[in-house]
Amino acid sequence: MKQVKFVQMKDGDKEDYEFLIKHEVEHTKGTADRLIKALVELDEGLSGYKITRLGHSLQSATRAWHDGADIDWIVSALLHDIGDIYAPYNHDEYAASILRPFVREQCSWVVEKHGIFQMIYYGEHVGSNPHKRDKYIENIYFKDCSDFCEFWDQKSFDPDYDTKPIGFFIPLVREVFSRKPYDSIFIRPNEREPLITNTSTG
Ligand SMILES: [Fe+2]
Ligand SMILES: [Fe+2]
């Protein structure tokens, strides 16, 4: 069997759907590589900053790595702006949707909300409320998102920073996206891991 027999989904039988599931499982094995390719494409997007979107992503992840953050944080920092390509108006939600099945809830929440939290730095200049994030003040991840933006995101537009190349992060992306999706061992709802464990690098 190379293709399903149906032309309308409602006509598919058990054999068709078993075939498709097998196919889908094979396809998902390539997710990490497709994401890395998409990340490289970020290099062509959004100009005007002193560094490209890929450079910004790598720099955010490099800072996370230097701070001693764990793999969930590093990969989340690396991919937090991947939505810029196809979802410029809700890039944060787009990136969070990609990460959510594979990383700690803490990290996907922070990625989902980082756009709102970033407003604190420039909202006043673009006619938006810089304090929009305050509606999440009671959330257990509020401080994490605030720190993510302060120490990794808003800071990572520096062309002189010693940013690690993409090759450094590829094994980490592969590891995260080879996890069993939505596995509670990795999602760990309501659990927090520190962003910064290594204070010696500054
Ligand atoms: Fe962003
Ligand atoms: Fe960013």
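**A helical protein and its nonpolar core**

Of the 37 residues in the largest nonpolar core, those touching the most other members are A61, A64, I74, L78, L99 and V173. Such a core is a set of buried Ala, Val, Leu, Ile, Met, Phe, Trp, Tyr and Cys residues joined through C-beta atoms within 7 Å. At least two residues of this core come from each of α2, α3, α4, α5 (91–99), α6, α7 and α8. In soluble globular proteins, nonpolar side chains tend to be buried together. The model is predicted: local features need pLDDT of at least 70, side-chain atom pairs count only at pLDDT 80 or more, and totals for chains, interfaces and linings use all residues. Residues are numbered from 1 along each chain as its sequence is written, while chains are lettered from A and ligands numbered from 1 in the order in which they are written.

The secondary structure consists of nine helices and zero strands, where helices (H or I, at least four residues) and strands (E, at least two) are DSSP runs numbered from the N terminus. Along the sequence the pattern is α-α-α-α-α-α-α-α-α. The C-alpha trace spans about 55 × 35 × 35 Å along its principal axes. Of the 202 residues, 33% count as buried; a residue is buried if 20 or more other C-beta atoms lie within 10 Å of its own, exposed if 12 or fewer, and partly exposed in between, with C-beta atoms placed from the backbone. Among contacts between residues at least 6 apart in sequence, 63% join residues at least 24 apart, two residues being in contact if their C-beta atoms, placed from the backbone, lie within 7 Å.

In helix α2 (31–41), the residues A32, L35 and L39 are buried. They cover an arc of only 60° around the axis, which puts them on the same side of α2; the arc is that of the directions from the helix axis to the C-beta atoms. An α-helix has 3.6 residues a turn, so residues three or four places apart point the same way. R34, K37 and V40 are exposed on the other side of α2. The buried residues of α2 pack against α3, α4 and α8.

Helix α8 (residues 166–177) has 12 residues, which at 1.5 Å a residue should span 16 Å, in agreement with the 16 Å between its end C-alpha atoms. The expected span is 1.5 Å times one less than the number of residues. Buried in α8 are F169, V173, V176 and F177. They lie on the same side of α8, because their arc around the axis is only 80°. The face turned away from this buried side carries the exposed residues G167 and P171. Packing of the buried residues of α8 is against α2, α3 and α4.

In α7, the buried residues are D144, C145, F148, C149, W152 and D153. They cover an arc of only 135° around the axis, which places them on the same side of α7. Their packing partners are α3 (53–66), α4 (71–79) and α6 (105–122). F142 also belongs to helix α7 (residues 142–153), but counts as partly exposed because it has 18 C-beta neighbours inside 10 Å. F142 touches Y136 and I137, residues up to four places away in sequence not being counted. Between F142 and W109, 33 residues apart in sequence, the C-alpha to C-alpha distance is 9.4 Å.
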